[in-house]
Amino acid sequence: MDRNSKLDLVTDEQRLAYKLLAPTLIILLIVAIYPLSQVFYTSFTDRTFAGTNQTHFIGLNNYSKLLNFTIKELPPVIEQGTNQVKIDSKTGEKVYEPSFKVLPGSPKPYKELSQFNFLGKRYVVGATNPEFINSIITTLIFTLSAVSLETVLGLIIALLVNSNFTGRGLMRAVMLLPWAVITVVSARIWEWILAPSRVGLFNMFLEKIGIGNGQLAFLTADNWQLFSLIMVDVWKTTPFMALLILAGLQLIPGELYEAARVDGANKVRQFFSITFPLLKPALAVALIFRTLDSLRVFGLFQVLVGQRLYSLASYNYYQLVGNRAMGLASAVGVIIFMIIFVFAVIYMRLLGVDSE
Amino acid sequence: MKKTILLIMIFVFVVSLFATGVMAEEKTIIKVAIGGSAIPSAKKLAEMYNESHPGVDVQILEMPDSSTDSLNLYLQFFEAKSSEVDILVVDVVWPGIIADHLVDLNKYGAEEIVKDHFEANINNNTVEGRLVAMPWYTDAGLLFYRTDLLKKYGYNEPPKTWDELEGMAARIQKGERAERKEDFWGYVWQGNAYEGLTCNALEWIYSNGGGTIINNDKEITIYNPEAVAAVKQAAGWVGSISPESVTGLIEESSRHIWQSGNAAFMRNWPYAYQLGNAADSVIKGKFDLAPLPAGDSGFAAAALGGWQLAVSKYSKHKKIAADVVKFMTSYDAQKYRAIEESYNPTIKALYKDKEVLEVRPYYNRLYDVFMSAVARPTTVTSTKYNEVSALFFRAVHSVLTGKDSADNALGYLQLDLQSVTGFETSSPETK
């Protein structure tokens, strides 16, 4: 066979490869790219979900409605008689004007998001849509805490289950149980466990050991809500994390450890020099999976806290179906997409997933 | 061999296609979408209709229990212009939201029968002169109270004002707690951030002379001293006479606390009466119903609730569907449901029907409550109602949980409502 026909064969093969790829590309175009671009387009309109009125193109209006925010200085209250700054008699601190006096009121009113002190002055952060900004903050806190806890716990469990003991197979099967339960179902189960009276398992148990009065409102009190949600998510998805890490652990050849032992490396040294570096790809995959999943958490929030606390996805759902603002909801969807995209890129860079 | 099998299969396929075609011609199928506890009696009514109309087969399509979930499903049907559902149950707050997708029942002869029903319900269901739904049963917020406990602590009658309720609830709670009933609370209600809180808060505010959020002249009235005072008072109940977790309670969860004997008072809808008197209920025969307490205005208010039946614009058999609706909301049908399942009729004459009163003696006393129930501002806000209600209950919820002051929250709410609806502001008219 001469050189030329060999080349022909290569190009033929390539051509065949493209032909074989074509159906996949077409399907991808239909099921992914078309709906996605539809969402992008809708996010620039004022379309109503199940509405009969005309849809208009409104440019970036939806995005500015969602993301506008401003920072204004908050003046202290001046007492009329003395012209002095008013001081709260109880706390001894300055009293400031209510925030709606300084935040712009039209065309769409800004609402207070938070206040902070800087160089002796008080500032207020206002947003046209504090609910949405809050849902971003909530989702980020949820994702970061839940995923880091799950990774640490998952790693510990995977290392344990990877060691040799009788009943290891059974242990691995049982371990997966929380993850196998449908989110909505497990969320309902937790709703009962977290019930705000002694009917709930947690309240009964905590009261027995002297914490609380048996009436802790885990899912309604402000300082408990997010904490409870993170806990339920950790319970539910740690097994999944452990499973992915376990798969990575099993790929590490045992001879490496034998060699390390011969060289006199202790267990800790073995972990950091062999286990951890070789586990990195598996860990990276697991982290990406869980992070991107957590960023679009929906069922847990919808079932356990409903409209009391929004995640990005449950806020999106409310805007689409509850409020029927399909255009605005699409914009929320696009923003979720962007956030997830940014996270994915960061992960790929940091953990070197894309390099061969 | 293979060929024969294939031939037989093709034959069977063709025959079955033909057979379903013939059957469809024989009977008109009318699908009624209904959810929750109304399913059994709806099935019974469908059976009754089918018996007298051999050409029609009324079928029940089961919907989710939660009204919000049902609405979400309907909206998906409407978005797809689906003829899957012919008749749907409609919550009292929906006519304004989904009127565009429903037929005008006046065009199908409903005009002659509307005068028999409560005016408030008919007005609520009339959008721009079109009667989009027929009232099926009505609801109003009521005060449930424990007759045995009132007697025990020396009270002769249920509280007439919110202040009285506060005092009685606190005393009974203190007394019961002293008897080692640590889970006992004075008053339970619905404080979760959802439609139910809109009803509860509307009752406090309206009875205190604070208006109805938005009045019938399309003016926003929510930011006024009476409304602020009412919300402030309710926020004071959280953690004192009501559990901390009241800000997460809905109808059913509050009923569970009440029905396990752990509350002296409860605000709820009439459906809880039948369940509280069930054979296995701890409080069977130990409670009664009263109108909700009055505020500073001197009168009590009950939020108007209830369900209607409507015909979808995308139905293929609108005329028959409208006839089924007329049957299911008729005198006989409502009487059957009142007696069997304690659903409150919307036909006025049924409150004087002897057979009904025999089973439901409290109808006599509560007729006025149903007659004068206060409607949520659904009709004036039409498609915007859901957002208006969500803004309202979230504002009130932030006060209940102590995140915001009543003054601030309602002040901001007024601005929000202005930008959502474009209405002017005004002060509430005094009654």
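1. How many residues does the contact take from chain A and from chain B? It takes 33 from chain A and 30 from chain B, with contact meaning heavy atoms within 4.5 Å. This is a predicted model: local features need pLDDT of at least 70, side-chain atom pairs count only at pLDDT 80 or more, and totals for chains, interfaces and linings use all residues. Residues are numbered from 1 along each chain as its sequence is written, and side-chain values use heavy atoms, without hydrogens and water.

2. About 2,800 Å² is buried between chain A and chain B, and carbon and sulfur atoms give 48% of that. Buried area is the accessible area (1.4 Å probe) that two parts lose on being put together, summed over both. In chain A, the most area is lost to chain B by Phe100(A), Arg308(A) and Arg324(A), together 19% of what that side buries.

3. There are 5 salt bridges between chain A and chain B (a side-chain nitrogen of Lys or Arg within 4 Å of a carboxyl oxygen of Asp or Glu). One of them joins Lys403(B) to Asp222(A), with the closest N and O atoms 3.6 Å apart.

4. On the side of chain A that touches chain B, β2 (111–118) and α12 (312–322) each supply at least two residues. The largest share, 4 residues, comes from α12(A). Helices (H or I, at least four residues) and strands (E, at least two) are DSSP runs, numbered from the N terminus.

5. Pro281(A) sits in helix α10 (residues 267–295) of chain A. Its relative accessibility is 51%, so Pro281(A) counts as exposed (over 50%; buried is under 20%, partly exposed in between; 1.4 Å probe, protein chains only).

Terms used:
Chains lettered and ligands numbered in written order.
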